[in-house]
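Subject: Structure handover

Hello,

Here is the structure I promised to pass on. Please open it alongside this message.

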Amino acid sequence: MIAPGAVPLGRRGRARRRGRPVIGGPLRAGDRAASIDLSTAVGEVALDNPVMTASGTSGHGTELGAYGDLASLGAVVVKSISVEPWAGNPPPRVHEVEGGMLNSVGLQGPGLAAWLEQDLPALSAAGATVVLSLWGRSVADFARAADRLGALAPGDRRAVVALELNVSCPNVEDRSRMFAHSPTATAEVVHAAAGDLPRWVKLSPNVSDVREVAAAALEAGAEALTLVNTLLGLAIDVERGRPVLGGVGGGLSGPALHPVAVRAVWECREAFPAVPIVGVGGVSRGRDAIELLVAGADAVQVGTASFRDPRAPWKILAGVERWCRAHGVASVRQLVGSAHGR
Ligand code: RRO
């Protein structure tokens, strides 16, 4: 296993270590006419801008396209798909709580073959950059999905730029078996999903040290870390004296999760200076996205905010651009990790 800190420093990592000053630059703060370079990259995946949808919050296909141009987002990360169709949990599946939302969707999905046939063509036609989130009940499920994708002609999955391996869903039958609770199990999944698409691994905040699991995933071949999935939670209807959600427990997301995500990104950026990181958790405004970027994320995902306002990803992207302009930041890449070493 790679110990935290043992990943060799790249050029970018060395710059981060030196704590380069990034706020301010050739752009003058408040310059309204200046154009901001929003482009970024998650490893080998170049993105036009740093704002993606978060898996599970915008459907399996083009559902969010009714509210904005999917091609203008950094990427669309689809709800996790398994190699087989899966019915998910009984309702109610979502419940608003103080500071966010609990969900127990239970991984409902049409299965990989149906998704490739029915959803991917529409996403491609919409010009979306697609990240395919995969889940499985076993390591073998991930291997089967990777084989299925590997057997496709490259043109048939042209829009898919990366796999996001969801090893951290809180709504699996047996929570103690969540892959992301074990460095070894996480590594097995990453290894099993090897193919010609970059593997991002989505980790859980419900562990004592996310860096240990991250290290195992990286050693197994993950190219990027997506930090973080939801926190384990539960709500009880005290009048009826029973849990609110059909699945009993659920995953907590929204503003309450945001500082948890910022900390995970911060700790992994410190531990793995050159590893690409995608930050996700409670991004509701442009400044939440900025916070994850300066903590060390190369890009961010917007999830729960889309339940309140389906236009949230586009509004947050506009907020990031406004923030950069107001603070004299010419390029989003300047921000990445810039709070370290200050
Ligand atoms: O479907 C879900 O219940 C679900 C998933 Br796949 C996930 O990754 N995170 C979450 O909170 N819910």
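Below is what I found, grouped by region. One caution before you start: this is a predicted model.

**The ligand site**

Start with the ligand. Its surroundings are Lys79, Asn103, Val105, Gly106, Leu107, Asn166, Cys169, Pro170, Asn171, Asn229 and Thr230. Three of these residues are worth a look for their polar atoms. An N or O atom in the side chain of Lys79 sits 2.6 Å from an oxygen atom of the ligand. Asn171 brings a polar side-chain atom to 2.6 Å from a ligand oxygen. Gly106 uses its backbone instead: an N or O atom there is 2.7 Å from an oxygen atom of the ligand. On its own, the ligand has 310 Å² of accessible area, and the protein covers 92% of that.

Leu107 has 4% relative accessibility, so it counts as buried, the cut-off being under 20%.

**Helix α2**

Next comes α2, residues 112–125. The kink is about 40° and lies at Asp119, shortly before the proline Pro121.

Asp119 is also among the buried residues of α2, with Leu112, Ala114, Trp115, Leu116, Leu120 and Leu123. The cover over these buried residues includes β4 (76–77), β7 (130–134), α3 (139–150) and β8 (160–166). Just after the helix, Gly127 takes a positive phi of about 80°.

**Helix α4**

Helix α4 covers residues 183–192 and is mostly covered, with 7 of its 10 residues buried. Those residues are Pro183, Ala185, Thr186, Ala187, Val189, Val190 and Ala192. Their cover includes α3, β8, β9 (199–203) and α5 (210–219). Look at the start of α4 too. There, a side-chain oxygen of Ser182 comes to within 3.2 Å of the backbone nitrogen of Thr184.

Is Arg269 buried or exposed? Its relative accessible area is 3%, and the residue is buried. Arg269 is part of helix α6, residues 258–271. Its side chain reaches two backbone oxygens. One belongs to Pro273, at 3.0 Å. The other belongs to Val275, at 2.8 Å.

His340 is in the segment after α10 (332–335). At 5% relative accessibility, His340 counts as buried. Its side chain makes a polar contact of 2.5 Å with the side chain of Glu270. The His340 side chain also reaches the backbone oxygen of Ala295, at 2.6 Å.

**Backbone points to check**

Two cis peptide bonds are listed here.

- Pro91 and Pro92 are joined by a cis peptide bond, with omega about -10°. Pro92 sits in the loop between β4 and β5 (94–97).
- Leu227 and Val228 are joined by a cis peptide bond, with omega about 15°. Val228 sits in the loop between β10 (224–227) and β11 (231–234).

Val248 has a positive phi, near 70°, and is not a glycine. You will find Val248 in the loop between β13 (242–243) and β14 (249–253). Its relative accessibility is 39%, so Val248 counts as partly exposed.

**One more loop residue**

Arg311 lies in the loop between α8 (305–308) and α9 (312–326). How accessible is it? Arg311 has 41% relative accessibility and counts as partly exposed. For orientation, take Thr226 as a reference. Arg311 and Thr226 are 85 residues apart in sequence, and their C-alpha atoms are 22 Å apart in space.

Best wishes

How values were computed
Residues numbered from 1 in each chain as written. Heavy atoms only, no water. Helix = DSSP H or I, 4+ residues; strand = E, 2+ residues; numbered from the N terminus. Expected span 1.5 Å × (residues − 1). Bend = angle between axes of the 7 residues up to and from the residue. Buried < 20%, exposed > 50% of the residue type's maximum accessible area, 1.4 Å probe, protein only. Contact = heavy atoms within 4.5 Å. Near = heavy atom within 4 Å. Polar contact = N/O pair within 3.5 Å; in protein donor to acceptor, adjacent residues only side chain to side chain. Areas by Shrake-Rupley, 256 points an atom, 1.4 Å probe, with all protein chains shown as cover.
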